[in-house]
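Student: I have a structure open on my screen and I'm new to it. Could you walk me through how to read it?

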Amino acid sequence: MMFKPCFVVIYIITVMCTTVSFSLGASNNPYDILGLKKIATTQEIRKAYRQLAKEWHPDKVQNDPAAAKFVKIKLAYELLSNPDRRRIFDQHGVTDEDSYYLKKKHDYSGYNRFSIEENVKIFDKRPSVDQGIDFFHKLSITTNYFDKTIVPNSANQLYIVIFYNDWCFKCTRIVGALRRIIDLLEPLGINFVTVNAAHEERIFRKTGAGNVPQLVLVLDSKFFLYRDHTFTPQKVVEFIRKKLPFKIVQLVNDNNLNDFLGGWMDNKVRALIFEPYRLIRLRYLLTAFEFYDRVAFGFVDMNSRGSNNTIARFNVNTSVDTLLIFNEDSSRFIASISMPDIPIQTLKNIVTSNQFLVLPRLSSQGMLERVCPSEWNRPRKRLCVILITEKNTKHDLAREALREIALTSVYSSKRVRFAYLFKENQPDFIQAVSNGTFGKNLLPIVIIWRRDDKHIKYEWVPGIQLFTNVTVETLINSTKIEISCTLKRLLKSSEALSHEAFVQKLFNEHSQGILPRWISRFMYLVDYLSDNMEDEHLLAVFSLLGTIVFMFAVGYILMYYVRTEEKNLKAQGHLNNSQDHQHNKLIPELKLYEMRAEKYNGMVRLLKPGCRTLLLITDFQSRYKLIPNFHKAVWPYRKSKTLLFGHMSIEKGLPWFTEILRLSLCSKRKLQVNPRNCVGTVLALNGHRKYFCMYHAKHPESDQGTKRILKITKSILNTREDPEVGSFLKKSYSEDSEAESNILLEDNLLNSLDNWLERLFDGKTQKYYINYWPDFPNK
């Protein structure tokens, strides 16, 4: 390659100066320079560098900014291609090659704790504690890296986290065993990192680790603890195999081969693994886990008699491992490889190159980003031809026609990809790109160019016309020319697509529903308990379960004997009596409480808001006549939870009754109450709001309830129509008043109580408010 002299000089000077002083700041992020994400693989970094180097090479772009841009691209690639420098940048944002973090990583190994230690090291050839801890420091990560990189990437990659601390002597003793494990498993694609449990306590608690050293497997954002005390490669491999998802690789034989190869409607490529072993290797399980959402793997045991026809059908060599990849056509494979030990990188490369169907379905945002990657540069824009169909068999012909067009396409898959989607499953995408209605027999085709994650440009082409008695050849001929002409025009760097829109992320059609999600969580819980429960824990659980089963068994036996006894009683004719007895128990009882000093607070002062006490006033002579009548009157209200029923002897509560009358009258003078005339009075006491309503056969209460209490009382005292009215409240009292003739008999005192109770619950009775509830006399 010939460089022009002036640009060669500029390039050399720029490189020399930049090598000394160039530093990638926040605005010159190496990932942004190469157009990559933080989770980019080594192959993606190398591929992006090659493309940008070709575009910005000084031999093609002859100006000073282009040379500076090329230098930035080169330095960004050098940083990201170096695992140590990339890790330091991800953790600390440091880009300098001579940084402190690359030379010394907080391992405290430079500290001379004892002056005699150096003399001891001369004679002792065993690895020192600091040398063992240095092994952990080289792989150490931070909480930020764990949360933002390891946990999200664990959906398709395996991570083993090793917890340690600086003063863990057992950690230094197992360094050799850990090195052997890492040397064996890291080439298979398993990532190993270390975490200082003393410095990163949140990760230590989050994973459930209990001590150090501790190995934790991070798998699909779940954490599994390695409980074995021996650290050998065989034990760790067995532990990993048990934790991988169940049936991640399907067992295939002659009976289910056609069903497996023909099940590509789940939008996955088919891959068959032939091995001369009965147990599939870990490398194939890890590859199947990494490409689980795009490739369905099947395992064929070549030692089984049920696989002879399959082996003969594809002419497989039974002495080596073989991988066959199938697309929509199950009759022939599109890629194959046969080796005694297929290298993991070769395995991943061949699967990566054939991980999509000829006509894949855009079933998730991840599928869209892989099939139709974003490209902001117009000359290098990538187009995606998408057929919008419905989820039914009527449109199978249209999908088959577009599949044939994709197979015969002359365009590179790096520039043009073909796909389809179900408009029922992706309504947001359809609404974003929709600019009109489509014909009933027309399946629209849209060509999109993804500028970034949300911004797209698109253009519609005449869709596939569906008619009755139409054939695939007819659909291909009527559509292929339109698509080819449109693609040829849009691939030109000077041409732009007609429309643009901002689209949301596609709905993930493969996401688990509520029931499968709960089943998965339950299985994870069972697995977690089986790993964390010791023998003594299991003994306690079994003991508890045995106790519960024994209690249920005893209860069942007792119920059995009770039912047997009931049958015997029924046979003897005693069942009716028992039913009557049970019926009587079901009837709510009405309890009358006698108001005394010890029950006063509960019946009046401590009543809950909205509750009232109905209190009947009697004396020793009339209580046996009045209580039955009162019981009969309040019986319909027995089920109310806001009522409390009671009675009071006027001989015990006369001072209290006199005091509440005085407080209700707002009078300071001492009242003299005739106890004999108080018999038959019913009080409705509201302890919370401090008021009462009163019933008496001779009490002239107003229906409207708007008169003042004082006026009512005066009207009572000044009434001359009934000689007994004045005797209820009077200024003078003597025992001779008891001898007065009773015009109203005791049996008739509660005749009007029913009507008064109705008016009480309708809120039509007069309320007598007081400032406080007086004390009830003790004697």
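Student: At what angle do helix H11 and helix H13 pack, and how far apart are their axes?

Tutor: Two packed helices are described by the angle between their axes and the distance between the axes. Here, H11 (residues 175–185) and H13 (residues 233–243) pack at an angle of about 55°, with their axes 9 Å apart. That makes H11 oblique to H13. Before we go on, this is a predicted model: local features need pLDDT of at least 70, side-chain atom pairs count only at pLDDT 80 or more, and totals for chains, interfaces and linings use all residues. Residues are numbered from 1 along each chain as its sequence is written, and side-chain values use heavy atoms, with hydrogens and water left out.

Student: What do those words stand for?

Tutor: Helices (H or I, at least four residues) and strands (E, at least two) are DSSP runs, numbered from the N terminus. Axes are lines fitted to C-alpha atoms, for helices over the stretch in contact, and angles run from 0 to 180 degrees between N-to-C directions. Angles under 35 degrees count as roughly parallel, over 145 as roughly antiparallel, 65 to 115 as roughly perpendicular and the rest as oblique.

Student: Which residues does the contact between H15 and H17 use?

Tutor: Start with the geometry: H15 (residues 282–290) and H17 (residues 344–353) pack at about 35°, with axes 11 Å apart, and their crossing is right-handed. Arg-283, Tyr-284, Thr-287 and Glu-290 of H15 meet Ile-344, Leu-347, Lys-348 and Val-351 of H17. That contact has four nonpolar, one polar and three charged residues.

Student: At what angle do H26 and H30 cross?

Tutor: H26 (residues 623–634) and H30 (residues 753–761) cross at roughly 40°, and their axes come within 10 Å. That makes H26 oblique to H30. Phe-630, Ala-633 and Val-634 in H26 meet Leu-753, Asp-754 and Leu-757 in H30, a set with five nonpolar, no polar and one charged residue.

Student: How many helices and strands are there, and how much of the chain is buried?

Tutor: The protein chain has 30 helices and 22 strands. Of its 779 residues, 43% are buried, where buried means under 20% relative accessible area, exposed over 50% and partly exposed in between (1.4 Å probe, protein chains only).

Student: Is Thr-322 buried or exposed?

Tutor: Thr-322 counts as buried because its relative accessibility is 4%. You'll find Thr-322 in strand E8 (residues 321–326). Its side chain is joined to that of Ser-338 by a polar contact of 3.1 Å; such a contact is a pair of N or O atoms within 3.5 Å, and within protein one must be able to donate a hydrogen and the other to accept it, while residues adjacent in sequence count only if both atoms are side-chain atoms.

Student: What about Gly-298: where is it?

Tutor: Gly-298 is in strand E7 (residues 295–301), and it is buried, with a relative accessible area of 0%. Leaving out residues up to four places away in sequence, Gly-298 touches residues including Val-249, Phe-260 and Leu-272.

Notes:
Contact = heavy atoms within 4.5 Å. Nonpolar A, V, L, I, M, F, W, Y, C, P; charged D, E, K, R; others polar. Left-handed = near helix turned anticlockwise from the far one by under 90°.
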